[in-house]
Amino acid sequence: TTTAAPPAAPKVTAEQAIQIAQKQVPGAWVSELDHDSRGQQADTWELELVKGTERHEVDVDATSGKVTKSEKEQADKDDDGSDD
């Protein structure tokens, strides 16, 4: 029988994940950081970074330090229809 191992500390620390994410998005600051245990898949650091009006979502594999997702969106959605 296999016994469930206690959750291991991520090989990639929060600090390392932040450095990796900031290499992806130079000049951005981290507004959110979550550690996500994904069961069968590798644990992931989920980071949200802000740079100017852009919001970036970067996922970093907590084992390998590889960036598994990097998305960018405008944080300041402009309504084209309205003139203030």
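Before you click anything, one definition: a residue counts as buried under 20% relative accessible area, exposed over 50%, and partly exposed in between, using a 1.4 Å probe and protein chains only. What you have open is a predicted model, where local features need pLDDT of at least 70 and side-chain atom pairs count only at pLDDT 80 or more, while totals for chains, interfaces and linings use all residues. Residues are numbered from 1 along each chain as its sequence is written, and side-chain values use heavy atoms, with hydrogens and water left out.

**Stop 1: the whole chain**

Show everything as a cartoon. Helices (H or I, at least four residues) and strands (E, at least two) are DSSP runs here, numbered from the N terminus.

Of the 84 residues, 21% count as buried.

**Stop 2**

Select the strands: 29-36 for strand 1, 44-51 for strand 2, 54-61 for strand 3 and 67-74 for strand 4. In what order do the 4 strands sit in the sheet? The order is 1-2-3-4, in an open sheet with antiparallel pairing. Two strands pair if DSSP finds at least two bridges between them. Strand 1 and strand 4 stand at the edges with a single partner strand each, so one side of each has no neighbour in the sheet. Neighbouring strands are turned by 15° against each other on average, direction ignored.

Next, pick residues 14-24. That is helix 1, which packs on the sheet and touches strand 1, strand 2, strand 3 and strand 4. Its direction makes about 45° with that of strand 2. For such angles, axes are lines fitted to C-alpha atoms, for helices over the stretch in contact, and angles run from 0 to 180 degrees between N-to-C directions.

**Stop 2: two hairpins**

Zoom in on strand 2 and strand 3, which pair in the antiparallel sense over 8 bridges. Select K51: its bridge partner in strand 3 is E54. Their hairpin has 2 residues between the strands, and G52 there takes a positive phi near 60°.

Move along to strand 3 and strand 4, an antiparallel pair with 7 bridges. Click E54 again, and look across to Q74, its bridge partner in strand 4. This hairpin has 5 residues between the strands, and G65 takes a positive phi near 80°.

**Stop 3: charged pairs**

Side chains of opposite charge can pair when their charged atoms come close. A salt bridge here is a side-chain nitrogen of Lys or Arg within 4 Å of a carboxyl oxygen of Asp or Glu. How many salt bridges does that rule give? The count comes to 5.

Start with K72 and E54, whose closest N and O atoms are 3.7 Å apart. K72 lies in strand 4 and E54 in strand 3, so this pair ties together parts that are 18 residues apart in sequence. K72 itself is exposed, at 55% relative accessibility.

Then select R55 and E73, a salt bridge with its closest N and O atoms 3.1 Å apart. R55 belongs to strand 3 and E73 to strand 4, so here too the linked parts are 18 residues apart in sequence. R55 is partly exposed at 27%, and E73 is partly exposed at 33%.

Go on to E57 and K69, where the closest N and O atoms are 2.7 Å apart. This pair links E57 in strand 3 with K69 in strand 4, 12 residues apart. E57 is partly exposed at 25%, and K69 is partly exposed at 26%. Now highlight E48, R55, E57, K69 and E73 together: salt bridges that share partners join them into one network.

**Stop 4: H35**

Finish in strand 1, at H35. Is H35 buried or partly exposed? With a relative accessible area of 33%, H35 is partly exposed. Leaving out residues up to four places away in sequence, H35 touches P10, D43, T44, W45 and A62; contact means heavy atoms within 4.5 Å.
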